[in-house]
Amino acid sequence: MKFKALFTCLLIVVAVIASNAQPPQGGGFGQMDPEQMAKSQTDRMAEDLKLDDKQKTEVQAINLKYSKKMGEIFQGAGGQGNFEDMRKKMDEMNTQKNAELKKVFTAEQYTKYEALEKQRQEERRQRMQQRQGGAPGAPGAPGAPGGQRGGQRGGAR
């Protein structure tokens, strides 16, 4: 009987240790160091845009450079920064990054890159709306049937 109790306690301790050893979930920027982020971006671009080895090496360097800059922007804000200033800096940084990438990609690859980025930006915008409960009247927003404002609240108007 003592062996079963001891074994059960041991299993519980192992389970607690294992659950605490898992990396944080969520995939936010603060949970990924610049090297990991740059590698992830580069791998995705290499697959989506069919980059050759030379392009992949150049894109990796660009992605790393701007991942580090983005980390500096977030750390500089410390969670307390002015969102509008931070967004402005990130927009400027993305413009510079895109100019550098344009020099590496073929015209066809860059056109595809722009389309994919626009699609990802729209997906991020939709996820943010969902997290915030959606904008009033936005399609799919709570209380906004079919994307129309208002809705029926009982009784004739």
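Reader: Is glutamine 55 buried or exposed in this structure?
Author: The model is a predicted one, in which local features need pLDDT of at least 70 and side-chain atom pairs pLDDT 80 or more, while totals for chains, interfaces and linings use all residues. Residues are numbered from 1 along each chain as its sequence is written, and side-chain values use heavy atoms, leaving out hydrogens and water. Glutamine 55 lies in helix H3, helices being DSSP runs of H or I with at least four residues, numbered from the N terminus. Because its relative accessible area is 9%, and buried means under 20%, exposed over 50% and partly exposed in between, with a 1.4 Å probe and protein chains only, glutamine 55 counts as buried.

Reader: Which residues does glutamine 55 touch, if those up to four places away in sequence are not counted?
Author: A contact here means heavy atoms within 4.5 Å. With the residues up to four places away set aside, the partners of glutamine 55 are Lys50, Val104, Phe105, Thr106 and Gln109.

Reader: Where does lysine 50 lie, and what is its phi?
Author: Lysine 50, which is one of the residues touched by glutamine 55, belongs to the loop between H2 and H3. Lysine 50 counts as exposed because its relative accessibility is 64%. Although lysine 50 is a residue other than glycine, its phi is positive, with a value near 55°.

Reader: How far does helix H2 reach from its first C-alpha to its last?
Author: Helix H2 runs over residues 34-49 and so has 16 residues. The expected span, 1.5 Å times one less than the number of residues, is 22 Å for H2. The reach of H2 from first C-alpha to last is close to that expectation, at 22 Å.

Reader: How wide an arc do the buried residues of H2 cover around the axis?
Author: The buried residues of H2 are Met37, Ala38, Gln41, Thr42, Met45, Ala46 and Leu49. They are on the same side of H2, because the arc that they cover around the axis, taken from the directions from the helix axis to the C-beta atoms, is only 160°.

Reader: What separation do the C-alpha atoms of methionine 93 and tyrosine 66 have?
Author: Methionine 93 is found in helix H4, residues 83-104, and is buried because its relative accessible area is 5%. Leaving out residues up to four places away in sequence, methionine 93 touches Tyr66, Lys69, Met70 and Ile73. Methionine 93 and tyrosine 66 are 27 residues apart along the chain, and their C-alpha atoms are separated by 7.4 Å.

How values were computed
Helices (H or I, at least four residues) and strands (E, at least two) are DSSP runs, numbered from the N terminus.
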